[in-house]
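Open your viewer and get ready to click along. We will go from one selection to the next and see what is there.

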Amino acid sequence: MDAVRIVLQVLLVVSSMVLTLFILLHKGKGGGLSDMFGGGMSTSLGGSSVAERNLDRFTVAIAVVWAVSIVGLGLLARFAS
């Protein structure tokens with residue numbers, strides 16, 4: 001059980017860092033802190049680009065990995081004797 005716990009903890013740390021990076025890579029949609037730092041100057045031309053959609057998919061995938069590792073660590077802590 002210790003090996004599974006270590007793997008889940010490493011997965012949690014790595015996915016947390018990657019998720020933070022992916023969230024920071026997203027384009028600002030306006031109305032928030034992105035406007036304060038100049039993000040509101042550009043206008044979007046309707047839809048999102050292919051790169052933005054792929055970034056969305058990767059972000060969701062990493063968020064699912066992060067959530068599964070949280071739940072796995074919680075279950076290990078709950079049922080470990």
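Predicted model: local features only at pLDDT ≥ 70, side-chain atom pairs only at ≥ 80, totals over all residues.

**Stop 1: the whole chain.** Show the chain as a cartoon. There are three helices and zero strands, and from the N terminus on the elements run α-α-α. Of the 81 residues, 15% count as buried.

Stop 2: Select Met-1, in the segment before H1. Its relative accessible area is 69%, so Met-1 is exposed. Met-1 and Ala-80 are 79 residues apart in sequence, yet their C-alpha atoms are 8.2 Å apart in space. For the chain as a whole, take the contacts between residues at least 6 apart in sequence: 92% of them join residues at least 24 apart.

**Stop 3: helix H1.** Select residues 2-25, which make up helix H1, and find Val-14 there. With a relative accessible area of 43%, Val-14 is partly exposed. A general point about helices is handy here: an α-helix has 3.6 residues a turn, so residues three or four places apart point the same way.

**Stop 4: helix H3.** Move on to H3, which has 30 residues. From its first C-alpha to its last, H3 reaches 43 Å, close to the 44 Å expected at 1.5 Å a residue. Which residues of H3 are buried? Select Glu-52, Leu-55, Thr-59, Ser-69, Gly-72, Leu-73 and Leu-76 to see them. H1 is part of what covers these buried residues.

**Stop 5: Thr-59.** Zoom in on Thr-59, which lies in helix H3, residues 50-79. Is Thr-59 buried or exposed? Its relative accessibility is 12%, so Thr-59 counts as buried. To see its surroundings, show Leu-19, Phe-22, Ile-23 and His-26: these are the residues in contact with Thr-59 once its neighbours within four places in sequence are left aside. Finally, look at the side chains of Thr-59 and His-26, which are joined by a polar contact of 3.1 Å.

Terms used. Residues numbered from 1 in each chain as written. Heavy atoms only, no water. Helix = DSSP H or I, 4+ residues; strand = E, 2+ residues; numbered from the N terminus. Buried < 20%, exposed > 50% of the residue type's maximum accessible area, 1.4 Å probe, protein only. Polar contact = N/O pair within 3.5 Å; in protein donor to acceptor, adjacent residues only side chain to side chain. Contact = heavy atoms within 4.5 Å. Expected span 1.5 Å × (residues − 1).
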